[in-house]
Amino acid sequence: MIEFKNVGLVYPNGTEGLKNINVTINEGEFVVIVGLSGAGKSTFIRSINRLVTPTSGSLLVDNEDILKYKGKNLRKLRTKVGMIFQNYNLVKRTNVFKNVLAGRLGHTGTLRSIFNLYSKEDKALAYNNLNRVNIAEKLYNRADELSGGQQQRVSIARVLTQKPKYILADEPVASLDPPTSHQVMTYLKKINKEDNITTIVNLHFIDMAMEYADRIIGMRAGEVVFDGPVSEVTEKTFEEIYGRSIREDDLRGGAQE
Amino acid sequence: MTTKNSLTQKSMPLYPAKTKIQVTIIFFVVLGIYTFSMIKTQEDMVGGFGGALGNMYTVIEKFFPPNFAILSAIWDSMMQTIQMAIIATTIAAILTVPLAVLSAQNITTFKPLYYVTRTFLNLLRTIPDLVLAVIFVGLFGVGVFPGILALTVFSLGILAKLISETIESVDMNPLEAMRASGGNVFQVIWYSLVPQVAPQFTSLVLYVFEINIRASVVLGMVGAGGIGLVLNQQLKFYNYPNAMTIIIVIFATVLIIEFISNKLREALL
């Protein structure tokens with residue numbers, strides 16, 4: 001369970017990233033955060049694994065306030081909370097297998113990881129996860145030889161290999177074309193259901209949010225302006241979240257046939 | 001309507017007038033500096049270029065033909081020079097790693113540490129290699145060892161600077177991903193930084209190796225061992241045919257090593 005209690009974040013330059021956020025995310029939920037760029041979606045999601053640190057309030061992950069975490073505790077938290085990025089963030093010159101095994105870093109000692117001394121189980125886990133996202137045949141290809149969609153699948157395999165309890169996805173489909181976007185979202189949804197991993201995804205495409213989310217949180221100017229199950233959401237809700245009428249480019253389109 | 005017409009007729013300038021004036025002033029200032037330096041440096045050139053041309057013949061006559069009989073005798077010193085460069089480059093390459101990481105702003109976010117290493121490296125680079133050699137020869141006596149020390153310190157300054165700049169230009173996204181998956185500092189560096197800088201690192205080490213070969217010749221002249229020492233002796237005895245042979249051998253060696261390391265670098269990048 002993730003609980004935001006009066007969480008606020010002011011960046012050093014004075015910008016308010018988050019304003020008095022109060023949100024509770026329950027086990028196994030698939031939450032989509034929507035909002036225009038600059039609304040604070042990224043800041044919200046990155047607070048949970050402390051890539052950014054809120055400046056006020058408290059943020060509880062499994063009933064522990066993570067805002068004071070440092071060093072070992074912080075790494076433990078990040079091992080539990082996996083992350084997927086817009087630009088995949090793979091190491092381009094390294095092969096797919098090693099990229100996926102990097103998900104084990106938090107569970108592996110420094111020396112063991114430096115000399116690639118991964119256990120048989122870890123390697124099997126990495127391979128199985130590549131299989132789950134149907135990309136095991138690229139095992140020994142360098143990451144930069146893959147297409148965008150393939151790279152994002154590898155990064156999903158990496159996050160799975162981490163055996164996380166939560167997955168955060170920061171605009172995971174923003175750099176992909178419509179069919180590939182749906183493929184990636186389908187994998188995320190499938191993993192959420194099969195492994196019961198709580199998943200929080202940032203999106204700015206309305207149709208995709210409606211199609212995959214259990215619950216939608218709308219953000220504008222650092223504040224939560226909507227929070228409710230997807231069944232309560234209408235086009236009017238999005239107009240309120242975005243503060244303007246819905247346009248063509250708010251939709252991804254191209255749902256799988 | 002009228003303004004639009006007049007603009008098109010006059011043909012609009014590409015740059016605003018202010019920029020043009022600035023560039024013109026800068027151009028004449030630079031030109032002035034060049035002219036001044038040229039006049040000043042010519043003042044104490046005794047014979048001008050005419051004398052140099054005349055001297056050329058005497059110099060060539062003294063140096064030619066080179067005495068190739070000494071080839072086998074100088075071979076050992078040449079090898080010594082190469083070995084000095086290899087050892088110095090290797091030690092510098094190892095010592096560079098922590099220094100380059102600590103002086104890269106994107107990795108060392110703890111500012112005081114960054115400033116301390118940066119300043120240390122800047123200081124290191126301000127000492128000319130020749131001065132280093134003179135100091136170490138004074139400390140350890142004539143021989144190869146002070147030469148190796150001087151070369152190590154000298155190349156460490158260059159290498160650490162170049163590599164820290166390479167580190168500063170890497171893609172930070174993979175580092176963020178490793179941090180987000182719970183990796184510690186060493187794991188983040190090893191998994192996402194090392195693969196990104198490894199090719200440039202190797203290439204720069206080879207480049208510094210080339211520089212070291214050339215520098216070690218010069219260092220030999222102040223007593224730091226190797227072929228430079230022999231060259232210096234021959235020049236002092238006015239034995240120009242012998243000196244010429246040594247110069248040709250150095251020239252050939254540098255060319256061969258540059259060729260090999262260029263090929264290696266091409267294969268890497």
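Here is a friendly chat about a predicted model and some of its features.

Q: Before we start, how are residues and chains labelled?
A: Residues count from 1 along each chain as its sequence is written, while chains are lettered from A and ligands numbered from 1 in the order in which they are written. Since the model is predicted, local features need pLDDT of at least 70 and side-chain atom pairs count only at pLDDT 80 or more, though totals for chains, interfaces and linings use all residues; side-chain values use heavy atoms, with hydrogens and water left out.

Q: Okay, how is chain B divided?
A: Into domain 1 (2–62) and domain 2 (69–268), with bounds that come from an automatic or database domain assignment. The centres of these two domains of chain B, taken over C-alpha atoms, are 36 Å apart.

Q: How much space lies in the largest pocket?
A: About 970 Å³. A pocket here is an open set of points on a 1 Å grid over the protein atoms alone, where a 1.4 Å probe fits, with protein on both sides within 12 Å along at least five of seven lines; lining residues have an atom within 4 Å of a point. The volume is the space filled by probe spheres set on the points, which are joined across faces, edges and corners.

Q: And which residues lie nearest its centre?
A: Ile107(B), Val185(B), Phe186(B), Val188(B) and Ile189(B), out of 36 lining residues. Helix 9 (185–220) of chain B gives the largest share of the lining, ten residues. Helices (H or I, at least four residues) and strands (E, at least two) are DSSP runs, numbered from the N terminus.

Q: Switching to chain A: why is helix 1 called largely enclosed?
A: Because seven of the eight residues of helix 1 (residues 41–48) of chain A are buried. Buried means under 20% relative accessible area, exposed over 50%, and partly exposed in between (1.4 Å probe, protein chains only). Phe44(A) and Ile45(A) are among the buried ones. After the helix comes Arg50(A), with a positive phi near 60 degrees.

Q: How many salt bridges are there over all chains?
A: The count is 22, where a salt bridge is a side-chain nitrogen of Lys or Arg within 4 Å of a carboxyl oxygen of Asp or Glu. In one of them, Arg215(A) pairs with Glu29(A), with the closest N and O atoms 2.9 Å apart. That pair links distant parts of the chain, 186 residues apart, with Arg215(A) in strand 9 (residues 215–220) of chain A and Glu29(A) in a loop between strand 2 (16–25) and strand 3 (30–34).

Q: Is Arg215(A) buried or exposed?
A: Buried, at a relative accessible area of 10%. Glu29(A) is buried too, at 16%.

Q: What about the Arg214(B) and Glu210(B) pair, where do they lie?
A: Both are in helix 9 of chain B, four residues apart, about one turn of the helix. Arg214(B) is partly exposed at 37% relative accessibility, whereas Glu210(B) is buried at 6%.

Q: One more: which residues are linked in a network of salt bridges?
A: Glu27(A), Asp62(A), Lys80(A) and Lys165(A).
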